[in-house]
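Student: I have a model open and want to go through how it is put together. Can you take me through it?

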Amino acid sequence: MQSPLRLARNRKALLLPKSNNLCRFRTTSTDLLKWYRLVLNITILQEADRINRLPGQPQVNFDQYSGYATVDSKAEKALFYYFAESPHNSSTKPVVLWLNGGPGCSSFGYGAMEELGPFRVNSDGNTLYLNDYAWNNVANVLFLESPIGVGFSYSNKSFDYTIGDKQTAKDSYTFLINWLERFPEYKTRDFFITGESYAGHYIPQLASLILSQNKNTNQPIINLRGIAIGNAWIDDTTCYQGVYDYFWTHALISDETNAGIKRLEDM
């Protein structure tokens, strides 16, 4: 592993402006020291989260990270993430946030390890193999354990475990802002929010909050480009109606049963 100082030097290209306009300004030794400390701090934070190798993991050609981002320091509340960079041109690929639903389903344990992550668990329960259909083949994928109490995400205040969708969106937004400070090379990257099930609530509300906060000149801009929801759970009436319609159109229930359900829905 490279030393933090060498990593900081290597990261200059990611943090310095691409143009030469910087040379037009007078830069003092104090400014350079502040900048160098900033780069060094970011490097140390990233390296602290870097995963060298998961248990039973095969050899890979991409970087992966996991850790916590604090969303409320007073309550000692933090959300856990797992981040898998793309093995193919990660420096130009977008960032895709994945949210499992539930509420209460782990984005790491289920989303990353059973659905779209880079690995699958072998039948021996001890080793991993590569997922040919992993989403990080085409994007840098960020799996977030949300809300508080899901997976490894936690708070040291018991009242934080009684939570609604509005607070979940606020916490997820705060996480993203803090995470992007730790990984500033992704600040201007195209950003997408994806998920399934009860994320039919999480995703639209988080997207709405991002768009609203992007109008605030005091807040960093998240370059949200789109959302995608699979098997979305939006509300009970709509979703159950869809289930019964599916049963009927696939001959799993009779015409009479379907008509009876429709009558009950109209009551």
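Tutor: One definition to start with: contact means heavy atoms within 4.5 Å. Bear in mind too that this is a predicted model.

Student: OK. Which residues of helix 5 meet helix 6?
Tutor: Asp165, Lys166, Thr168, Ala169, Lys170, Ser172, Tyr173 and Leu176. On the helix 6 side they meet His201, Tyr202, Gln205, Leu206, Leu209, Ile210 and Gln213.

Student: And at what angle do helix 5 and helix 6 pack?
Tutor: About 55°, with the axes 9 Å apart. That angle makes helix 5 oblique to helix 6.

Student: Is the crossing left-handed or right-handed where helix 5 passes helix 6?
Tutor: Right-handed.

Student: Stepping back, how many helices and strands are there in the protein chain?
Tutor: Eight helices and nine strands. The protein chain has 267 residues, and 40% of them count as buried.

Student: Now helix 4. Which of its residues are buried?
Tutor: Ser107, Phe108, Gly111, Ala112 and Met113, in a helix that runs over residues 107-115. Seen down the helix axis, these buried residues fall within an arc of 165°, so they line one face of helix 4.

Student: What covers them?
Tutor: The cover includes strand 2 (77-84), strand 3 (95-99), strand 4 (119-121), strand 5 (128-130) and strand 6 (140-144).

Student: What does the side chain of serine 106 reach at the start of helix 4?
Tutor: One of its side-chain oxygens comes within 3.2 Å of the backbone nitrogen of phenylalanine 108.

Student: Why does asparagine 131 count as buried?
Tutor: Its relative accessibility is 8%, and buried means under 20%.

Student: Which side chain does threonine 127 make a polar contact with?
Tutor: That of aspartate 124, at 2.8 Å.

Student: How far is threonine 127 from glutamine 57, C-alpha to C-alpha?
Tutor: The separation is 6.2 Å, although the two are 70 residues apart along the chain. Leaving out residues up to four places away in sequence, threonine 127 touches Gly56, Arg120, Val121 and Asn122.

Definitions and conventions: Residues are numbered from 1 along each chain as its sequence is written. This is a predicted model: local features need pLDDT of at least 70, side-chain atom pairs count only at pLDDT 80 or more; totals for chains, interfaces and linings use all residues. Side-chain values use heavy atoms; hydrogens and water are left out. Buried means under 20% relative accessible area, exposed over 50%, partly exposed in between (1.4 Å probe, protein chains only). Helices (H or I, at least four residues) and strands (E, at least two) are DSSP runs, numbered from the N terminus. The arc is that of the directions from the helix axis to the C-beta atoms. A polar contact is a pair of N or O atoms within 3.5 Å; within protein, one must be able to donate a hydrogen and the other to accept it, and residues adjacent in sequence count only if both atoms are side-chain atoms. Axes are lines fitted to C-alpha atoms, for helices over the stretch in contact, and angles run from 0 to 180 degrees between N-to-C directions. Angles under 35 degrees count as roughly parallel, over 145 as roughly antiparallel, 65 to 115 as roughly perpendicular and the rest as oblique. A crossing is left-handed if the near helix is turned anticlockwise from the far one by less than a right angle, and right-handed if clockwise.
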